[in-house]
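Subject: Structure handover

Hello,

Here is the structure you asked about, followed by notes on what was found in it.

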Amino acid sequence: MDIYNVEAAEILANEALLLPIGEAAPIYEKLLATFPTAVKYWKQYVEAYIAANDEETAKQIFSRCLLTCPHINLWRCYINFIKRVNSKRGSEGLEETKKAFDFMLNYVGNDVASGPVWMEYIAFLKSMPVVTPQDESRRMTTIRKVYQKAILVPTSHVEQLWKDYDNFENSVSRTLAKGLLSEYQPKFNSARAVYRERKKYIDDIDWSMLAIPSTGSYKEEQQCMAWKRLLTFEKGNPQRIDAAAANRRITFTYEQCLMYLYHHPDVWYDYATWHAKNGSTDSAIKIFQRAIKALPGSEVLKYAFAELEESIGAIQPAKTIYESLVAENASMTSLAHIQFIRFLRRTEGIEAARKYFLEARKLPSCTYHVYVAYATMSFCLDKDAKVAQNVFEAGLKKFMQEPGYVLEYADFLCRLNDDRNVRALFERALSLLPPEESIEVWKRFAQFEQIYGDLSSMLKVEQRRKEALSRTSEDALSSLENTLYDVVSRYNYMDLWPCSSKELDYLSRQEWLAKNMSKKNDKSVMLTSVVGPTLDKGNVGVAANAKLLHQSARVVRPETSRMVIYDPRQIKGPVIAATSSGYTKEVDDIFKMLSPPIMSFITNLPAIEGPSPDIDIVLGVLLQSTLPAGHDVGKPSGPVPGAATTDLSGPRNQNGSVHRPPRDGQPTKRKAIERQEEEDAAAVAQNRAMPRDIFRLRQIQRSRGVAPAQSGSAAMSSGSMFSGEQSANSSS
């Protein structure tokens with residue numbers, strides 16, 4: 001069951017609205033355990049208790065969510081609750097409300113939507129009763145300070161706040177107002193300009209999204225990028241405010257980001273490292289602690305946290321983190337052992353690392369990686385090959401049938417130039433490994449002989465390799481044959497090849513075909529193994545850079561069992577959408593000029609998903625094609641010479657215009673002339689929108705048997721279809 005199912009969560013939340021708070025509380029707790037930063041669920045939860053007049057429980061809920069959910073709607077719910085609770089407590093209640101306003105604006109005062117809160121606070125201060133002139137003076141000073149803070153925040157109400165501040169100062173003292181307003185005018189202008197820029201980034205953010213683990217969806221990626229663009233904008237300090245105020249604004253933006261990207265470890269890491277770079281390591285440590293609590297399964301965050309602790313000299317806290325990694329992560333215990341050994345070597349010395357290795361090697365979860373890591377570390381630090389070789393030999397007793405361990409041991413012996421023991425190691429391993437697991441070992445053995453052996457030993461190992469691996473092939477005879485591809489494998493070095501890339505591709509293909517001759521009737525093999533020759537060898541073509549990787553790690557094949565055959569009938573009706581090239585308006589204009597047959601044809605086209613075609617070319621081809629006109633049953637359906645596609649109703653004259661009988665005894669000559677002028681005007685407009693190709697038109701006319709000297713219906717037909725200019729050219 002997916003606990004992060006957003007649709008199911010919405011259904012539960014809607015059901016909870018209809019229940020009494022006693023029955024709805026467990027539902028809310030379940031939702032908030034899954035979505036701890038869902039502002040709408042917190043607000044809905046606390047409002048239910050406020051409606052039930054349970055003030056104590058409402059206060060407890062606010063204490064759980066306010067600091068982790070810096071959303072203006074939730075905080076406005078809080079301030080309304082505080083005003084309601086203190087409304088009947090007189091001067092003491094007013095003071096508590098004032099403290100709540102200060103507390104609120106300290107946390108969310110930088111929100112782009114906090115303008116109404118600033119205005120509400122100022123209105124509250126103005127409404128507070130005063131007794132003495134000293135109280136009035138203190139109130140005016142407080143209001144002035146709040147105004148001066150508010151106009152520095154780039155909010156949607158910054159202009160209204162400036163107007164109110166102007167009126168306030170002028171109402172107090174015009175002489176004093178002139179100096180204060182001239183001082184704060186540039187700051188207000190800067191805040192207003194920054195708001196306009198800030199709004200561009202904020203408009204891209206979906207404020208209703210719930211925080212769920214990463215799914216890789218397009219919407220999720222777009223939201224991640226939108227938040228990172230906003231963070232980059234805030235870090236640039238576009239308003240050029242002091243460092244402390246800028247840092248508060250960046251912190252607020254990170255906290256807002258985590259409400260929606262709560263399960264993204266990179267956001268937590270960026271937040272913590274930003275604090276560390278700004279010298280606030282205590283804040284960075286707190287962020288890492290919150291991150292590990294939010295994402296307890298993220299090992300990389302724990303390593304980053306331990307790295308930070310070690311970098312500031314906090315060795316014991318870092319050691320505690322490593323010990324927790326060793327104890328908790330059963331699936332990655334070997335990596336935790338290795339990193340803990342390296343940590344002990346850095347902080348306590350090689351002897352502490354050796355002592356821990358001797359304990360770790362006895363554990364059943366210890367893999368060969370721990371032996372390789374410790375042996376390599378000992379060799380590099382102590383410069384004593386004997387100790388490292390003893391570690392490798394001890395591990396060989398347990399991991400002889402691990403090809404990866406054999407290859408690492410062989411590499412170590414090669415660094416020592418101990419070719420005799422390398423050959424002995426390969427012989428021992430190949431005698432025990434099954435053929436299907438010995439492919440990489442045989443390949444490394446052959447490469448070793450190419451460097452250390454003579455020609456006879458090199459060819460001998462190559463032949464033995466073929467014989468051993470032929471047991472895993474259905475066509476053993478073809479596997480034993482020597483090919484030119486084998487010569488290429490023996491005589492290449494790094495990215496240097498004894499043949500051209502074209503020859504290499506050809507030989508690779510032939511090698512693969514030879515291996516799959518017995519499967520020539522199996523089409524699925526041909527489809528799924530088309531890259532086989534290059535990847536089977538590993539040291540040829542593009543696979544040379546990945547020759548140490550496992551086959552499954554280098555080739556990602558699609559799951560053909562989940563593929564669905566494309567059927568246009570599955571998509572009902574045409575779908576016309578705006579394209580990224582901005583042709584929507586032009587397409588609408590072209591559709592208005594199309595004839596009914598062409599419009600009917602386009603309407604009945606199936607909708608497809610894919611790249612958008614070039615509309616000009618498509619419509620140009622359609623307009624240059626002859627479409628069958630509507631005809632009655634029993635009449636010939638072939639194309640009628642001179643028939644224009646712009647009107648299918650009624651017979652036509654020689655000039656292509658529609659002939660209609662006189663109506664009410666009026667002459668038709670004038671109407672025919674007007675109709676012809678309208679058709680010519682429409683044709684000219686159509687010609688501006690569509691590409692013109694006179695040479696192509698003449699070719700179409702010749703293919704239809706219309707001579708250039710002919711005038712009348714054919715010439716006028718093309719003219720009415722494209723433009724008056726083309727009609728004149730055709731008739732001339």
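Met494 is exposed, with a relative accessible area of 60%. Please keep in mind that the model is predicted. Met494 sits in the loop between helix H26 (484-490) and helix H27 (501-515), and its phi is near 55°, a positive value in a residue other than glycine. Most residues other than glycine have a negative phi.

Lys383 is another residue other than glycine with a positive phi, near 60°. Its place is in the loop between helix H19 (368-382) and helix H20 (385-399). Lys383 is exposed, with a relative accessible area of 65%.

**A buried loop residue**

Leu433 belongs to the loop between helix H22 (419-432) and H23. Is Leu433 buried or exposed? Its relative accessibility is 6%, so Leu433 counts as buried, the cut-off for buried being under 20%. Leaving aside neighbours within four places in sequence, Leu433 is in contact with Met400, Gln401, Pro403, Ser438 and Val441. Of these contacts, Pro403 is 30 residues from Leu433 along the chain, and the C-alpha atoms of Leu433 and Pro403 are separated by 8.0 Å.

**Overall make-up**

The protein has 37 helices and zero strands. It contains 732 residues, and buried residues make up 40% of them. Among contacts with a separation of 6 or more, 56% are accounted for by residues 24 or more positions apart.

**The nonpolar cores**

The largest nonpolar core has 155 residues. Which residues have the most contacts inside it? They are Tyr41, Phe62 and Tyr165. Helix H10 (residues 174-202) supplies the largest share of this core, nine residues. A second, separate core of nine residues includes Phe591, Ile615, Leu619 and Leu622.

Not counting residues up to four places away in sequence, Tyr165 touches Arg144, Tyr147, Gln148, Ile151, Leu180, Leu181 and Tyr184.

**The H23 and H24 pair**

Helix H23 (residues 439-452) packs with helix H24 (residues 455-469) at an angle of about 170°, and their axes are 8 Å apart. That angle makes H23 roughly antiparallel to H24, since angles over 145 degrees count as such. On the H23 side, the contact is made by Ile439, Trp442, Lys443, Phe445, Ala446, Glu449 and Gln450. H24 contributes Ser457, Met458, Val461, Glu462, Arg464, Arg465, Ala468 and Leu469. By type, the residues of this contact divide into eight nonpolar, two polar and five charged.

Regards

Methods. Residues are numbered from 1 along each chain as its sequence is written. This is a predicted model: local features need pLDDT of at least 70, side-chain atom pairs count only at pLDDT 80 or more; totals for chains, interfaces and linings use all residues. Side-chain values use heavy atoms; hydrogens and water are left out. Axes are lines fitted to C-alpha atoms, for helices over the stretch in contact, and angles run from 0 to 180 degrees between N-to-C directions. Helices (H or I, at least four residues) and strands (E, at least two) are DSSP runs, numbered from the N terminus. Angles under 35 degrees count as roughly parallel, over 145 as roughly antiparallel, 65 to 115 as roughly perpendicular and the rest as oblique. Contact means heavy atoms within 4.5 Å. Ala, Val, Leu, Ile, Met, Phe, Trp, Tyr, Cys and Pro count as nonpolar, Asp, Glu, Lys and Arg as charged, and the others, Gly among them, as polar. A nonpolar core is a set of buried Ala, Val, Leu, Ile, Met, Phe, Trp, Tyr and Cys residues joined through side-chain atoms within 4.5 Å. Buried means under 20% relative accessible area, exposed over 50%, partly exposed in between (1.4 Å probe, protein chains only).
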